[in-house]
Amino acid sequence: MGTCWGDISENVRVEVPNTDCSLPTKVFWIAGIVKLAGYNALLRYEGFENDSGLDFWCSICGSDIHPVGWCAASGKPLVPPRTIQHKYTNWKAFLVKRLTGAKTLPPDFSQKVSESMQYPFKPCMRVEVVDKRHLCRTRVAVVESVIGGRLRLVYEESEDRTDDFWCHMHSPLIHHIGWSRSIGHRFKRSDITKKQDGHFDTPPHLFAKVKEVDQSGEWFKEGMKLEAIDPLNLSTICVATIRKVLADGFLMIGIDGSEAADGSDWFCYHATSPSIFPVGFCEINMIELTPPRGYTKLPFKWFDYLRETGSIAAPVKLFNKDVPNHGFRVGMKLEAVDLMEPRLICVATVTRIIHRLLRIHFDGWEEEYDQWVDCESPDLYPVGWCQLTGYQLQPPASQCKLVRKGVLLQ
């Protein structure tokens, strides 16, 4: 609904069911938007003026919200709420006066809502997706279901269809079949020799496009140092090393001090990824940089570390410096994917903003479970997104039930 949301603002009038009524049939009345919170609107029935006694919240994209004029066109009765029925004898004249010049929803609003809920990814489509047990490689998976643009992917070799992975259709973790081979990325070949009936490769144009880069001039090289969000602990930004340079601007990154000997925990980031940063980024922005595990010369100093390891820092000019005018503010509420358990979407709060980087706190959880997330991440959603799409929202963890990710300890 992002492209249609310009039609929604405070004071916009809508026609909604009248719940303050004793009639046996469903009737409607005009209400105005008092306040917006994500997809939800606080509505006040017309005629209540400054009385907030019957204000109510509802999803502005719900099936019972209509533009002014819908009742007349549909033959539905407009009946004033019982609480204020006595205030006017001529309600028609009152509405004409109140609604002249007022804004309402566009007549095709419900159609726009419906169209925004159609997704190009379909069940039985095959994709390449990160192997959640070996981050350095991809595997073939099949789309099992699509909810709100989020995909439940089942790895192709999972016989009982329980070995799955959740991500958004615009996630940087999924790619078209053949992507790994085309850029030189590790790939786990499937034991399945032919596609199962009904399965088909997802058209390449459906995947999120990465920005084209010029690798012919000065470019990232193996062994260069940088700072990166740890894909296995998204609350930390760590000292990291470029381990391999792939085609099309992709890089394999290792977290210093905690890499597996076989490189199985290297992670693929694009050169324009908002999750990698030049040396010194954390210090400049007063973020705690996580030094290599086992490194004892603390506090960590990049100059000393580069000298000790005989390495150089990746050039600052190669990193993504674009900062969109995203509008996020500290304290704002949203619904966010728990990327360590990506089937879960939780109530969350923005607690820090560094350029385009957001610190996301999961309400009711300890800060160690916070995540650094880009402002344009497909894993952040407005309040009310889960209700709109039918996805289950995890409520804030209560103080008496704590608190390990994925486990609720009584």
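This is a predicted model: local features need pLDDT of at least 70, side-chain atom pairs count only at pLDDT 80 or more; totals for chains, interfaces and linings use all residues.
## Cysteines, salt bridges and a pocket

The sulfur of C124 has its closest cysteine sulfur in C167, 17 Å away, which is too far for a bond. C124 itself is partly exposed, at 30% relative accessible area. With a relative accessible area of 3%, C238 is buried. A disulfide would need the two sulfurs within 2.5 Å, and a search of the whole structure turns up 0 of them.

Salt bridges are another story. How many salt bridges does the count come to? It comes to 29. Here are three of them, with the N to O distance and the relative accessibility of each partner.

| Pair | Distance (N to O) | Accessibility of partners |
|---|---|---|
| R161 and E144 | 2.8 Å | R161 30%, E144 30% |
| E157 and K188 | 2.9 Å | E157 22%, K188 23% |
| E308 and K297 | 2.8 Å | E308 37%, K297 43% |

Where do these partners sit along the chain? The side chains of R161 and E144 meet in a salt bridge. That pair links distant parts of the chain, with R161 in the loop between strand 8 and strand 9 and E144 in strand 7, 17 residues apart. E157 and K188 also meet through their side chains. Here E157 is in the loop between strand 8 and strand 9, while K188 is in the loop between strand 11 and strand 12, 31 residues apart.

Now for some open space. The second largest pocket holds about 940 Å³. Which residues lie nearest its centre? Of the 33 residues in the lining, these are Y39, L380, Y381, P382 and W385. Strand 19 (333–337), strand 23 (380–381) and helix 7 (385–389) each supply at least two lining residues, and helix 7 gives the most, with 3. By class, the lining of this pocket has 19 nonpolar, 12 polar and 2 charged residues.

Key: Residues are numbered from 1 along each chain as its sequence is written. Side-chain values use heavy atoms; hydrogens and water are left out. Buried means under 20% relative accessible area, exposed over 50%, partly exposed in between (1.4 Å probe, protein chains only). On a 1 Å grid over the protein atoms alone, a cavity is a set of points where a 1.4 Å probe fits but cannot get out, and a pocket is an open set with protein on both sides within 12 Å along at least five of seven lines; lining residues have an atom within 4 Å of a point. Grid points are joined across faces, edges and corners, and a volume is the space filled by probe spheres set on the points. Helices (H or I, at least four residues) and strands (E, at least two) are DSSP runs, numbered from the N terminus. Ala, Val, Leu, Ile, Met, Phe, Trp, Tyr, Cys and Pro count as nonpolar, Asp, Glu, Lys and Arg as charged, and the others, Gly among them, as polar. A salt bridge is a side-chain nitrogen of Lys or Arg within 4 Å of a carboxyl oxygen of Asp or Glu.
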